[in-house]
Amino acid sequence: MPAFHLFFLGDDAVAVQPNDRALRHPLAKALRDSGEWIDTVPGKEVVAVHFDPLALRPTEAMGKLEDWLSSFRAGAFEPGRPIDLHLDCSADHAPDLQTLADQNGLTPHTLLERVTGSELVVDMLGFTPGFAYVEGLDPTLKAERLAVPRQKVMAGAVGLVSGQLGFYGLTGPGGWPIIGRLTETLFDPERAAPFLLEEGQVVRLHLVDV
Amino acid sequence: MSFKVLKPGVQATLQAAPRSGTRHLGVPASGPADGLSMALANRLVGNPSDACAIEMPFGLVSLEASTDCAIAFAGAPAVIELAGNNAPMHRTLYIRAGETVSVGAAEIGARFYMAVSGGFLADDFLGSASTCLPAMVGGLRGRALQAGDCLGTGEQEPSFDELETPENMLQAFTHAFALRCVDGPDAELIPGWESGQDYEATRRADRTGIEISGSWPPLTDAGLKPSAPVFPGTVQLTPSGNAFVLLPDSQTTGGYPHVLQVIRADRHLLGQIRPGDRIHFLKRTPDEAATDLRRKTAYFRDWLPDLSL
């Protein structure tokens with residue numbers, strides 16, 4: 001039986017934390033489809049809804065959400081189409097690869113084999129346009145965020161922290177150790193479909209020879 | 001109808017109504033950092049509150065008009081020069097084809113808004129004309145203004161009404177900000193933060209956020225949690241010992257502890273904080289904050305009936 005913990009994120013947003021993480025995506029989709037909320041944003045553990053407190057007082061918003069959840073039934077979540085992406089791990093594009101390999105007692109090559117051999121899936125988009133949080137990474141690979149974030153990480157860079165990869169959609173600041181760069185463009189506002197990836201999508205990662 | 005940019009200032013951008021329904025794609029709302037000042041400028045030229053206007057951090061912008069039209073300035077106090085003469089802020093101004101308007105530097109407050117009758121024309125991205133600098137979308141090709149740019153404006157007959165912002169609608173500009181806020185979901189990490197407050201904005205400030213140094217309690221662990229949704233007004237505590245308050249171009253999810261949330265009624269003030277300004281936080285409950293928003297919106301209703309903070 002799904003259970004939900006609700007809490008405020010301020011005066012115009014409420015977060016819902018389901019007891020089963022897998023419920024986040026069908027929950028977010030159903031909340032978005034309801035048309036009742038300005039924004040519906042999944043995180044790694046919660047889904048937040050954003051509302052206008054002029055139209056709906058915060059306690060009313062929370063009550064409305066509680067009522068709605070009491071009749072929520074998760075449908076089957078349709079995984080998106082699998083996608084093949086290509087990773088360039090040449091030195092310029094993988095500034096932290098050697099350090100991460102050393103920390104894990106592996107060679108860069110064996111570390112990358114464990115990455116590409118993982119059953120990767122896009123958990124969610126967020127952070128900045130086109131950024132994807134990708135789960136399913138071999139759990140034996142350990143990595144922590146950089147103590148001092150980089151001012152400039154290139155668009156397409158692939159970061160690795162324990163349990164997940166982060167695909168950077170834009171060039172900008174970032175704090176994940178970088179192991180390579182995708183040859184595909186994740187976010188292009190000029191494209192008919194600006195976002196290459198979608199949540200739930202299976203990712204097959206291939207190393208490119210350079 | 002258009003304006004030519006002679007001096008582009010420091011990261012001046014076109015801003016209009018914020019985006020909605022795009023945060024799950026990582027796309028921020030953008031829109032004006034001080035929506036109240038932009039609304040006041042638009043009102044003076046007969047536009048809706050969120051018509052596309054130029055946001056100018058710290059001023060220092062010069063434009064040349066190609067046709068006669070009505071313009072107006074609001075926001076941080078600055079010297080306006082129109083066709084070689086000083087001109088007031090907060091009043092409808094008429095500029096003729098070939099004339100130049102220049103904005104000086106702000107000494108207090110951080111952002112000015114220039115509105116034009118009919119609004120500026122801008123690129124739409126996902127339903128909004130607002131520039132999002134990190135993603136390089138909206139506004140003028142997604143970037144800040146540059147010398148030589150030509151800014152188109154919407155067709156609108158100037159009304160020839162001479163308007164002035166009512167005295168009681170003018171914001172007071174100071175170097176000290178009292179920001180009302182409610183607990184963030186990680187508020188338990190800063191017990192007793194209300195006593196002995198001593199906070200200051202640092203030089204790390206732009207449309208994505210402002211760093212706030214001062215008497216934050218130290219974080220006991222690494223200070224990271226699973227990435228969670230964040231919004232403009234979110235105050236995150238970082239392992240550096242400083243906090244960041246998020247602005248309209250901020251990221252949509254983040255892993256630093258979310259300790260406070262500046263209430264919607266006071267978020268427009270964030271756009272006017274400059275480096276070195278003092279900040280004081282005042283605690284509210286969510287429902288008290290909603291009442292604050294109703295009161296503030298009602299206060300401006302006669303003059304700005306469509307104001308959305």
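## Basis

Because this is a predicted model, local features need pLDDT of at least 70 and side-chain atom pairs count only at pLDDT 80 or more, while totals for chains, interfaces and linings use all residues. Residues are numbered from 1 along each chain as its sequence is written, chains are lettered from A and ligands numbered from 1 in the order in which they are written, and side-chain values use heavy atoms, with hydrogens and water left out.

## Chain A overall

The C-alpha trace of chain A spans about 55 × 35 × 35 Å along its principal axes. Its secondary structure consists of four helices and 13 strands, taken as DSSP runs numbered from the N terminus (helices H or I, at least four residues; strands E, at least two).

Of the 210 residues in chain A, 50% are buried (under 20% relative accessible area, with a 1.4 Å probe and protein chains only). Among contacts in chain A with a separation of 6 or more, 58% are between residues 24 or more positions apart; contact means heavy atoms within 4.5 Å.

## The two domains of chain A

Chain A is divided into domain 1 (4-71) and domain 2 (83-207), with bounds from an automatic or database domain assignment. Their centres, taken over C-alpha atoms, are 29 Å apart.

Six residues of domain 1 of chain A are in contact with six residues of domain 2 of chain A. The area buried between the two domains is about 540 Å², of which carbon and sulfur atoms give 38%; this is the accessible area (1.4 Å probe) that two parts lose on being put together, summed over both. On the domain 1 side, H25(A), P42(A) and K44(A) lose the most area to domain 2, together 73% of what that side buries.

Five salt bridges are found across the interface of domain 1 and domain 2 of chain A, each a side-chain nitrogen of Lys or Arg within 4 Å of a carboxyl oxygen of Asp or Glu. The side chains of D123(A) and R21(A) form a salt bridge at 3.5 Å, N to O.

## Helix α1 of chain B

Helix α1 (residues 35-43) of chain B has seven of its nine residues buried, so it is largely enclosed by the rest of the structure. The buried residues are L36(B), S37(B), M38(B), A39(B), L40(B), A41(B) and N42(B). They pack against β2 (13-15), β3 (53-57), β5 (69-75), β10 (111-116) and α2 (286-300) of chain B.
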